[in-house]
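Q: I'd like to learn how to read pockets and backbone angles in a protein model. Can you take me through them?

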Amino acid sequence: MKIEIDKGSGFCHGVVTAIHKAEEELAKGGPLYCLGDIVHNNREVDRLSELGLITIDHEQLSELHDAKVLLRAHGEPPSTYKIARQNNIEIIDATCPVVLKLQRRIHEAYNADHASDVQIVIFGKNGHAEVLGLVGQTEGKAIVIESLEEAKRLDMTKSIRLFSQTTKSLDEFRMIVEYIQQHISEGATFEYTDTICRQVANRIPNIRRFAAAHDLVFFVSGKKSSNGRILFHECQNINPNTYFIDSAYEINWEQLKGVQSIGICGATSTPKWLMESIEEAILKKTGNAEGKE
């Protein structure tokens, strides 16, 4: 049996930076809070919790004073920074540079157009941490759409400025752009900004090739990762013998019968050490140390 871990899977640059900042601050001693799970992977959250990282929500942030709080890669709305100033909270800002650039663009578009009834539209997942930060740049006025079907319900008689959550599907974004271009009313204007992170988007063709190269694929991801769900479905479309797990405990060993090649891959929020632990569990269970790639 051959076992291979996808070299292109694992943390994106933004998540790596956030975790490094957390580890650096924790090494200094003293309490460090993180606003929301630092990454959408419970195993990594548990690891950092053991080092002393304390995860809080926005309600708890409002009650916190004279503390140090890390903002994760997803970014935050302006209201979070306002609360921090009011409560004398030191911010360790680990917002991904790609997300920061997107926030600025949306803020500028809103300031330029909000008085003229222009629709600021964000293609993203409602309630997602990054999207909440983006909508916050427009005082809550932005319209969030999750699909092409929802784009069809936009008011095409009004001008549209379209942006995208950084981890959404590039193909679906292009379909939405094409639909609006074809249906926007004469006299209304349409501008779009492709803000999808290429480091994430480029994983799709790679993970398709990886899934096709193996008899069975274990896709490793936290259940809360929207990027994980997108990449898992890409794997499963290519290789129906793909299974979503968040640890070795979820492996159904019956699925390995007759399998000659196993691929292990994951999301941008999946730590390498977790994929390696699954590889080790398979090797131990099968007694096949020679299969390690």
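Here is a short talk about pockets and phi angles in this predicted model.

Q: Let's start with pockets. What volume does the largest pocket have?
A: The general idea goes like this: rolling a probe the size of a water molecule over the atoms shows where empty space is left. In this model, the largest pocket comes out at about 360 Å³.

Q: Which residues lie nearest its centre?
A: Look for Cys12, Val15, His74, Thr167 and Thr268, which are among the 25 residues of the lining. The elements giving two or more residues to that lining are α1 (13–27), α5 (97–113), α9 (198–201) and α11 (226–238). By class, the lining splits into eleven nonpolar, 13 polar and one charged.

Q: And what lines the second largest pocket?
A: That pocket holds about 170 Å³ of space. Its lining includes Tyr110, His114, Asp117 and Lys158. Sorted by class, you get five nonpolar, three polar and three charged residues.

Q: Now the backbone. Which residue has a positive phi of about 50°?
A: Most residues other than glycine have a negative phi, and most peptide bonds are trans. Here, aspartate 66 has that positive value although it isn't a glycine. You'll find aspartate 66 in the loop between α3 (58–63) and β4 (68–71).

Q: Is aspartate 66 buried or exposed?
A: Exposed, because its relative accessibility is 58% and the cut-off is over 50%.

Q: Where does asparagine 88 lie?
A: Asparagine 88 sits in the loop between α4 (78–86) and β5 (90–93). Its phi is positive too, near 55°. Asparagine 88 is exposed, with a relative accessible area of 51%.

Note on methods:
Residues numbered from 1 in each chain as written. Predicted model: local features only at pLDDT ≥ 70, side-chain atom pairs only at ≥ 80, totals over all residues. Heavy atoms only, no water. 1 Å grid on protein atoms, 1.4 Å probe; cavity = no way out; pocket = protein on both sides within 12 Å on 5 of 7 lines; lining within 4 Å. Points joined across faces, edges and corners; volume = space filled by probe spheres on them. Helix = DSSP H or I, 4+ residues; strand = E, 2+ residues; numbered from the N terminus. Nonpolar A, V, L, I, M, F, W, Y, C, P; charged D, E, K, R; others polar. Buried < 20%, exposed > 50% of the residue type's maximum accessible area, 1.4 Å probe, protein only.
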